[in-house]
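Please read the following note with the model open beside it. The points are numbered so that each can be checked in turn.

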Amino acid sequence: MLIRGITKADFDAIVSVMDAWWGGPSALKPEPFLFYELGHHALVAEDDGEMTGFLLGFVTDHDPRCGYVHLVGINPDCRRRGTARALYEEFARRAQQLGATSLKAITTIGNEGSVEFHRALGFAIVQDPNYAGEARARYVFSRAL
Ligand SMILES: CC(C)(COP(=O)(O)OP(=O)(O)OC[C@H]1O[C@@H](n2cnc3c(N)ncnc32)[C@H](O)[C@@H]1OP(=O)(O)O)[C@@H](O)C(=O)NCCC(=O)NCCS
């Protein structure tokens, strides 16, 4: 497995597979700014030249700095092989080099696969009932680096 920085061709591929990999239209979208403005922190996993997963994240510029993972997705045919874990480990390494002292991510209520994944990686999990606006709950994951 190779973990590397994202290219525009990767971003285009992510846009095309996103709904299929999420099992239907996702509330989260691979917004262009995530590539054009923040893409230097984004990562792709590939096996034999095929993209098997991606992580769109960035490092906040306020103090203390935080590595924020906005979107992580793995090809359904390639799950439970440690791909997302490897993407997080590389993102954490790069974020730490830039001075980040923590990692953060969120997910919607009901995404138990994401919850169990973050739990397995040692994230603390809090359910915030108004995180995304009144009565718009989210799970909030955080972990020190
Ligand atoms: C959540 C997701 C990113 C996990 O990717 P993955 O590459 O399969 O995860 P890994 O193989 O690195 O898993 C590491 C550990 O996390 C846990 N884990 C991962 N997915 C899990 C699941 N669906 N159920 C229970 N535990 C899970 C396991 O402990 C796993 O270790 P193990 O396989 O040795 O038991 C993937 O299922 C996915 O793309 N889901 C759809 C998109 C999504 O919901 N993204 C997150 C919100 S943006």
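Which element gives the most residues to the shell around the ligand?

1. The element is α4, which gives 5 residues to that shell. Helices (H or I, at least four residues) and strands (E, at least two) are DSSP runs, numbered from the N terminus. The structure is a predicted model, in which local features need pLDDT of at least 70 and side-chain atom pairs count only at pLDDT 80 or more, while totals for chains, interfaces and linings use all residues. Residues are numbered from 1 along each chain as its sequence is written.

2. The shell around the ligand holds 20 residues, and Arg79, Ala84, Gly113, Glu116 and Ala120 come nearest. Two or more residues of the shell come from each of β4 (66–74), α3 (83–97) and α4 (112–120).

3. Sorted by class, the shell has 8 nonpolar, 7 polar and 5 charged residues. Here Ala, Val, Leu, Ile, Met, Phe, Trp, Tyr, Cys and Pro count as nonpolar, Asp, Glu, Lys and Arg as charged, and the others, Gly among them, as polar.

4. The largest nonpolar core has 31 residues, of which Leu43, Leu55 and Leu87 touch the most other members. At least two residues of this core come from each of α1 (8–22), α2 (32–36), β2, β3, β4, α3, β5 (102–108) and β7. Such a core is a set of buried Ala, Val, Leu, Ile, Met, Phe, Trp, Tyr and Cys residues joined through C-beta atoms within 7 Å. A residue is buried if 20 or more other C-beta atoms lie within 10 Å of its own, exposed if 12 or fewer, and partly exposed in between, with C-beta atoms placed from the backbone.

5. Strand β6 (residues 124–128) is hardly covered, and the count of buried residues among its 5 residues is 0. β6 pairs with strand β7 (residues 138–144) in the antiparallel sense over 5 bridges; pairing requires that DSSP find at least two bridges. Ile125 stands opposite Phe141 in β7.

6. Asp48, in the loop between β2 (43–47) and β3, has a positive phi near 50°. Asp48 counts as exposed because it has 7 C-beta neighbours inside 10 Å. Ala135, in the loop between β6 and β7, has a positive phi near 60°.

7. A cis peptide bond joins Asp63 and Pro64, with omega about 0°. Pro64 lies in the loop between β3 (50–59) and β4.

Methods. Near = placed C-beta within 6 Å.
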